[in-house]
Amino acid sequence: MRQTVSGVLAPLLIIGFLVSQVVHASPLAESVVEASPLGAIADQSPAMLRTGIRDGLVGTGQVDPFLAETIAGIGSRAFSPQRVRSLLATALEDNLDNAQLEAVKAWYDLPLGRQLARAESQAAAPSSWEAIQAAGPALRERFEGTARQRLFDRYERATGATGTAVETAMAVQLELAESLASLSEGDTVASVRAQVEGNRPAIERQVSEQVYLAFLSMYEAFPDEDLDTYLTFLESPAGRAYTASAGDAVHDAIMEPVSSVGNQLVRLLGAGGR
């Protein structure tokens, strides 16, 4: 089985940088989701996931593009924005105390917080991904050796964005690969797991590059002083708790519809869809 990760990484990265029933969190936690980029990410999650699953399935070389589109649509319909919002709000309520939630809400109520949230929300739109990739080489050259590069190092330490994205991308690849292995005479679950794990260094390099380019693109219009202020918030106890809780919740929200996609693969391809 030929493994590929490029198709699913872009949407998953933006999300990380982003439930069977709707549950209701406190108004304060829900207001944090609404004020922060998390609300926009939840609203755009079906389109983001649809694109990621479709491109990832086509990239395996084992799924017809039309069938990949059909399966991706099934997965995205299992990805309700309202359920994602509820999951995010509940995770924040469970993992942050009221003082921390108030601190996060106060940050996103500031003019700079609102401006940064808009920039991050716009970057989450599928229409932005190709532009981010196209602008990447020029941005990398422009900021090479500058304070912006050092600010990214702080951002990475505060958020763990690359590590979170790597683990989410690995989990998605394993889920899809194991489903395809059950339909292949030459592959076993153990063998495809070994192949995906063997690709971890390449995935880590690719994720690291894409997270860095997303950082440069999202915050290109902001001066270093504004990013320093933002990083001070992210490095605070409230900022770290917010980032960790949101990252874990997004990972969990992604994996449910991906598991549904795996089941659809087995049913459709096993019935002669290949």
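Rings of Phe, Tyr and Trp (for Trp, its six-membered ring) pair if their centres lie within 6.5 Å; planes under 30 degrees apart count as stacked, over 60 as edge-to-face and the rest as tilted. By this rule, the count comes to 12 aromatic pairs. In one of them, the rings of Phe 152 and Tyr 155 have centres 6.3 Å apart and planes at 25 degrees, so this pair is stacked.

The model is predicted: local features need pLDDT of at least 70, side-chain atom pairs count only at pLDDT 80 or more, and totals for chains, interfaces and linings use all residues. Residues are numbered from 1 along each chain as its sequence is written, and side-chain values use heavy atoms, with hydrogens and water left out.

The protein chain holds 14 helices and zero strands. Helices (H or I, at least four residues) and strands (E, at least two) are DSSP runs, numbered from the N terminus. Read from the N terminus, the order of elements is α-α-α-α-α-α-α-α-α-α-α-α-α-α. Of the 274 residues in the protein chain, 53% are buried. Buried means under 20% relative accessible area, exposed over 50%, and partly exposed in between (1.4 Å probe, protein chains only).

Phe 152 and Tyr 155 both belong to helix α9. They sit three residues apart, about one turn of the helix. Phe 152 has 9% relative accessibility and therefore counts as buried. Tyr 155 is also buried, with a relative accessible area of 3%. Phe 152 forms an aromatic pair with Phe 215 that is edge-to-face, at 5.2 Å centre to centre and 65 degrees between the planes. This pair links distant parts of the chain: Phe 152 lies in helix α9 and Phe 215 in helix α12, 63 residues apart. Phe 215 is buried, at 2% relative accessibility. One aromatic cluster is formed by Trp 107, Tyr 108, Phe 152, Tyr 155, Tyr 212, Phe 215, Tyr 219, Phe 222, Tyr 230, Phe 233 and Tyr 242.

The two helices of the Phe 152 and Phe 215 pair also pack against each other. The axes of α9 (residues 147-159) and α12 (residues 200-218) come within 11 Å and cross at roughly 115 degrees. Axes are lines fitted to C-alpha atoms, for helices over the stretch in contact, and angles run from 0 to 180 degrees between N-to-C directions. The crossing of α9 and α12 is right-handed. A crossing is left-handed if the near helix is turned anticlockwise from the far one by less than a right angle, and right-handed if clockwise. On the α9 side, Arg 148, Gln 149, Leu 151, Phe 152, Tyr 155 and Glu 156 take part; they meet Val 211, Tyr 212, Phe 215 and Leu 216 in α12. Contact means heavy atoms within 4.5 Å. The contact residues of α9 and α12 comprise seven nonpolar, one polar and two charged. Ala, Val, Leu, Ile, Met, Phe, Trp, Tyr, Cys and Pro count as nonpolar, Asp, Glu, Lys and Arg as charged, and the others, Gly among them, as polar.

Helix α12 also meets α11 (residues 189-198). Their axes come within 5 Å and cross at roughly 45 degrees. The two helices are therefore oblique to each other. Angles under 35 degrees count as roughly parallel, over 145 as roughly antiparallel, 65 to 115 as roughly perpendicular and the rest as oblique. Val 196, Glu 197 and Gly 198 in α11 touch Arg 200, Pro 201 and Ile 203 in α12. This contact of α11 with α12 divides into three nonpolar, one polar and two charged residues.

Helices α2 (residues 27-35) and α6 (residues 98-109) pack at about 30 degrees, with axes 9 Å apart. That makes α2 roughly parallel to α6. Their crossing is left-handed. Leu 28, Ala 29, Ser 31, Val 32 and Ala 35 in α2 meet Asn 98, Leu 101, Glu 102, Val 104, Lys 105 and Tyr 108 in α6. The residues of this α2 and α6 contact are seven nonpolar, two polar and two charged. Tyr 108 also belongs to the aromatic cluster.

Helix α8 (residues 126-143) contains Ala 138. Ala 138 counts as exposed, at 51% relative accessibility. Ala 138 and Leu 213 are 75 residues apart in sequence and 9.9 Å apart in space, C-alpha to C-alpha. Ser 128 is also found in α8. Ser 128 is buried, at 18% relative accessibility. Leaving aside residues up to four places away in sequence, Ser 128 touches Gln 122 and Ala 123.
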